[in-house]
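Here are my notes on the model you sent. Please read them with the structure open.

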Amino acid sequence: RLMRRLAAAGHDITGYNLGIRGDTSREIADRWGAEVGRRRRGARPLLVFAFGVNDAKLEPDGRRCLPLEETTANIRRILRDASPYRVLVIGPAPIEEPVMLRHLNADGRAAMPTMTEIADVDRHLAREAAAAHAPYLDLLSALAGNAAWRQALVETDGLHPSSSGHDILADAIEAWPAWADLFALRRGA
């Protein structure tokens, strides 16, 4: 969506979605450099890191799947190693816990994120991004109280938004000053 919008605005950009469903910051920290290295061709790339919900999963017994200290160390390492690049960081989006639990964890045996844990991860990601001078989009705040976002989650499994939810995410990113300024998308820019 974002790449199509940028192309429509006259930007000649190639975008790669390198996300792998279920990855935590551990897997991203281990593989992002090689992934970028395979695709880098001359121009200074823009890296957009967006993760956190998988880092917020709790086992059925309440233990964190990934300790918060490791999430913090992983984002710190990612941002340190990515410092030669332009970097933006997008925090995790809100989920609909009751819907998610009903659809994805009806038997109670799967590791699942909670809004409380997502908020903890979000705070740590935001703090590390600020320390590294990397712009951070707080989607928890941006989408809090957004009825259309909530509906986009209710229409699916409570975790992965419907198509309209992806439009809402694209709108939030496009309105983000760090993104808008980078691509001169603000009115009068």
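1. Pro84 counts as exposed, because its relative accessibility is 55% and the cut-off for exposed is over 50%. Pro84 sits in the loop between α3 and β3. Its C-alpha atom is 21 Å from that of Arg26. Along the chain, Pro84 and Arg26 are 58 residues apart. Bear in mind that this is a predicted model.

2. His133 is another loop residue to look at. It lies between α5 and β5, the latter being residues 136-137. Its relative accessible area is 72%, so His133 is exposed. Check the backbone here: phi of His133 is near 60°, a positive value, and the residue is not glycine. Most residues other than glycine have a negative phi.

3. Now to helix α3, residues 68-81.

4. Which residues of α3 are buried? They are Leu68, Thr71, Thr72, Asn74, Ile75, Ile78 and Leu79. These residues cover an arc of only 165° around the axis, so they lie on the same side of α3. The face turned away from that buried side carries Glu69 and Arg80, which are exposed.

5. What covers the buried residues of α3? The cover includes two helices, α2 (25-39) and α5 (115-131). It also includes the strands β1 (46-50) and β3 (86-90).

6. Asn74 belongs to the buried set of α3. Its relative accessible area is 6%, and the cut-off for buried is under 20%, so Asn74 is buried. Its side chain makes a polar contact of 3.0 Å with the side chain of Ser25. Setting aside neighbours within four places in sequence, Asn74 is in contact with Ser25, Arg26, Ala29 and Leu66.

7. Thr72 is also in helix α3. With a relative accessible area of 7%, Thr72 is buried. Which side chain does the side chain of Thr72 meet in a polar contact? That of His124, at 3.0 Å. Beyond its neighbours within four places in sequence, Thr72 is in contact with His124, Arg127 and Glu128.

8. Step back to the whole chain. How many helices and strands are there? The chain has 9 helices and 5 strands. From the N terminus, the order is α-α-β-β-α-β-α-β-α-β-α-α-α-α. The radius of gyration is 17 Å, close to the 16 Å that the globule rule gives for 189 residues, so the chain is as compact as a globular protein of that length.

9. Some overall figures follow. The C-alpha trace spans about 50 × 35 × 25 Å along its principal axes. Of the 189 residues, 43% count as buried. The accessible surface comes to about 10300 Å², and carbon and sulfur atoms hold 51% of it.

10. One last point concerns contacts along the sequence. Take the contacts in the chain with a separation of 6 or more: 72% of them join residues 24 or more positions apart.

Notes. Residues are numbered from 1 along each chain as its sequence is written. This is a predicted model: local features need pLDDT of at least 70, side-chain atom pairs count only at pLDDT 80 or more; totals for chains, interfaces and linings use all residues. Side-chain values use heavy atoms; hydrogens and water are left out. Helices (H or I, at least four residues) and strands (E, at least two) are DSSP runs, numbered from the N terminus. Buried means under 20% relative accessible area, exposed over 50%, partly exposed in between (1.4 Å probe, protein chains only). A polar contact is a pair of N or O atoms within 3.5 Å; within protein, one must be able to donate a hydrogen and the other to accept it, and residues adjacent in sequence count only if both atoms are side-chain atoms. Contact means heavy atoms within 4.5 Å. The arc is that of the directions from the helix axis to the C-beta atoms. The radius of gyration is taken over C-alpha atoms; the globule rule is 2.2 Å times the number of residues to the power 0.38. Accessible areas come from the Shrake-Rupley method with a 1.4 Å probe; for residues, only the protein chains shown count as cover.
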